[in-house]
Amino acid sequence: MKTLFVDVILPLALPRTYTYRVPKDWNQLMKSGQRVIVQFGKGRKQYSAIVKTIHENPPAAYQAKYILSIVDEDPIVGEKQILFWEWLAEYYMATIGEVMLAALPAGLRLASESRILLHPEYQKVVNELSDDEFLLIEALELRNVLTLKEISEILQIKHIQPKVRALIEKKAIMVEEEILQRYKPKMVDYVRLHPQLETEEQLQQVFDELGRAQRQLEVLMNYIQMSNFFSQKRNEVKKLQLQKNSNASSSLINELVKKEILEVYQVEQGRLHTEEASKKQKALTEHQEKAYHAIKDGFEEDKTVLLHGVTSSGKTEIYIKLIQEAIDRGKQVLYLLPEIALTTQIVQRLQAIFGEKIGVYHSRFNENERVEVWNAVLKFNKGHHEDFQVILGARSALFLPFQDLGLVLIDEEHEGTFKQYDPAPRYQARDAAIYLAKMQKADVLLGSATPSVESYYHAQSGKYAYVELKKRFGDIQLPEILVADIAEASKRKKMKSHFSPELMKMMEETLEEGKQIILFQNRRGYSPILLCESCGNTPQCINCDLSLTYHKYKKELNCHYCGYHIPLPSTCPSCGDTNLRVKGFGTEKIEEELAIFLPEAKISRMDLDTTRAKQAYHQIITSFQDGEVDILVGTQMVTKGLDFENVGLVGVLNADNMLHFPDFRSFERAYQLMSQVSGRAGRKGKRGKVLIQSYNPEHQIIRQVIDHDYEGMFKNELVDRRNFRYPPFYRLITLTLRHRDKAKVGQASHYLADQMKAVFGERVLGPEAPGVERVRTYYLQQIVLKLEKKISLNQSKEKLREILNDFQANDRFKSVRLGIDVDPY
């Protein structure tokens, strides 16, 4: 019998796979893509790893340990997925273990938990033990086994490892590892008649015996009725439903089980909610039909297609027709969206047409729900085509185990939320999805009213096929965009708090017409700064170089980077004066002041603070859609593709923050945000209006938004990008170094930059501190590498890896954390 070895992917940031030996009895059971339990590292820590390859070559550098157990009968990850993981790790300069951590739902990632037990040979000698050690031994004598978390709670200290280590050395305790299964299928109790009651005569005998137990007899009669017992097709009866219909307790049914009249059995039930199809597809208009055929022509040429359609042009109707075609071919569809809020609205539209074929996957699902979506996509691979053929989701959905993709749709492709920033791999979901589609020979469609400069450049240069939809659905006009000069209004003292007289008048008129309003302010909280008017002190985060944001409804000052928060002070912590004032404004303040100026209006807010609950997006969107809310105040969430029929006015409260953000994309992003939020107005019926408030109303980007001049913005951006060496003409790689010691991170970053400049020359910029120099107690330094498109990216990365390996091997800098971000945009 052959001796087999497996290379496994561990859920750790290791540079390569690790090899284990297979017990010979398991040779026939091993498959690539299975999870196996292995022990790794100095301790006895166990992990579930993914089998990558099976072979007969023992490792040369170390003696291979045996795998401990096989978790799955069949693979949970396909070969195509593993190839995709390898590409992601290579391109984004991450490890395959980091990709595995990002890809697998937490419920499928098993790791052992340390369990502390008394050593069987230990004789308690009190004077050998400290007070904490004695307390721990007594707790173990009572409870036999403790986890590290329980020990921490008993001793009321965070860092318990020294205590545990000391007791291990005294041979008082021992540690064992237990694998924790995180995913638990949802089991539902059902009831049925005991198997011995097969005939009507036997059943009649039971009725006679229960003559005195009237309540039990009622329950049995209800069961007979609910199960349709005397017909050929019987119904399954849930225990809870029987209790409800009989107005009976669980103990009453348990009595019938004890008497061997009823029997309780369990059925696995999915947690995922699906809808039946209830609507037919709409016929495409002439313009949509023309665009649809142009998209198909692009697919025929095996090109990624960019659909540049103005807001409310009916791009979703074209997507629906393309999805139907993919379903008819028996293919899977991945529909990526940038925001969970947008996912909520699109899901309703698509479920109405495709019913149970629509599956949803995003971070608001709990661990068990995500595993069930994963398993449903795996089932499809085995020929179960009845459900979850189409997956809608945010960026993490591209990791699902697709094996037969036919179509990948990336809606609002310009959105920055497709980029993963922390932790590694720092991937761009749009670009990764294009690569995934090409691997599986699937068609790719990018859609946007305001495409990213890169995508539009690829379309203009012929790399992508380009399709345009210039007219809104139903020939509705694009909204009228006006600008209010708040510098002039402030000078004349006409501003009502943060509302210009023009905006106040337009809001009043819109509400009188029975129309709704969206107000956009790209800052949450009440106010970004609390200032002492006497000494000028501003409360700062103790972990980050940032002032704290005031949240009035919590009466707290919060850091939006690390979560640090303190109660609102009544006096200045510096000078003790009570003269504290708030400066600036966020969505919470806008919501409060609107209630003063427009007391009759119903107002709602949509930002990170109001959408933390699982169903919060759905509730806010539905109430606005149903007309229960007159004014919706929000951050970027309200700009992204949402479709509301009755919005007559959109207000952008401060355009200048977006325009002056220190980033090479600030003009592009400002144009996209203002255009997208403007597109929420006047989508049905009367032409909508948009008002942009700015201190600089003549700014070129604002003029281009007013004129709907995407082409002008693109040409201006292209000139600047070429001159200053930015994408699409150059590739960027950003290195971020972190350390709690400012001097240490400065020394390390200068050393690394010098090493890089020796190889890459003037292509290296920095090191420089980013805009926020300290985050979560770590000081930051950044180095940027700009690479021309004409030079080999792979060769450049190889040289960079060599430099980074030498840097990380240097004893002086081993404590410095290093993050690599390829395409940091």
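Visitor: What am I looking at here?
Guide: This is a predicted model, where local features need pLDDT of at least 70 and side-chain atom pairs count only at pLDDT 80 or more, while totals for chains, interfaces and linings use all residues. Residues are numbered from 1 along each chain as its sequence is written, and side-chain values use heavy atoms, with hydrogens and water left out.

Visitor: Okay, rings! How many aromatic pairs does the structure hold?
Guide: There are 25 aromatic pairs. Rings of Phe, Tyr and Trp (its six-membered ring) pair if their centres lie within 6.5 Å; planes under 30 degrees apart are stacked, over 60 edge-to-face, and the rest tilted.

Visitor: How are Tyr18 and Phe40 arranged?
Guide: Tyr18 and Phe40 are edge-to-face, at 5.0 Å centre to centre with 90° between the planes. Tyr18 lies in strand β2 (residues 18-21) and Phe40 in the loop between β3 (35-39) and β4 (46-55), so this pair ties together parts 22 residues apart in sequence. Helices (H or I, at least four residues) and strands (E, at least two) are DSSP runs, numbered from the N terminus.

Visitor: And how accessible are Tyr18 and Phe40?
Guide: Tyr18 counts as partly exposed at 24% relative accessibility, whereas Phe40 counts as buried at 19%.

Visitor: Back to Tyr456. How does its ring sit with Tyr466?
Guide: Their centres are 5.5 Å apart and their planes at 85°, so the pair is edge-to-face. It links distant parts of the chain, with Tyr456 in helix α15 (residues 453-460) and Tyr466 in strand β18 (residues 465-469), ten residues apart. Tyr466 is partly exposed, at 27% relative accessible area.

Visitor: New topic: which charge lies over the face of Tyr292?
Guide: That is Lys321, at 4.4 Å from the ring centre. A charge sits over a ring if NZ of Lys or CZ of Arg is within 6 Å of the ring centre and within 35 degrees of the ring normal. Likewise, the charged end of Arg605 sits over the ring of Tyr553, 5.7 Å from its centre.

Visitor: How many disulfides are there?
Guide: The count is zero, where a disulfide is a pair of cysteine sulfur atoms within 2.5 Å.

Visitor: What about Cys544?
Guide: Cys544 is in no disulfide; its nearest cysteine sulfur, that of Cys562, is 3.8 Å away. Cys544 counts as buried, at 1% relative accessibility.

Conventions
Buried < 20%, exposed > 50% of the residue type's maximum accessible area, 1.4 Å probe, protein only.
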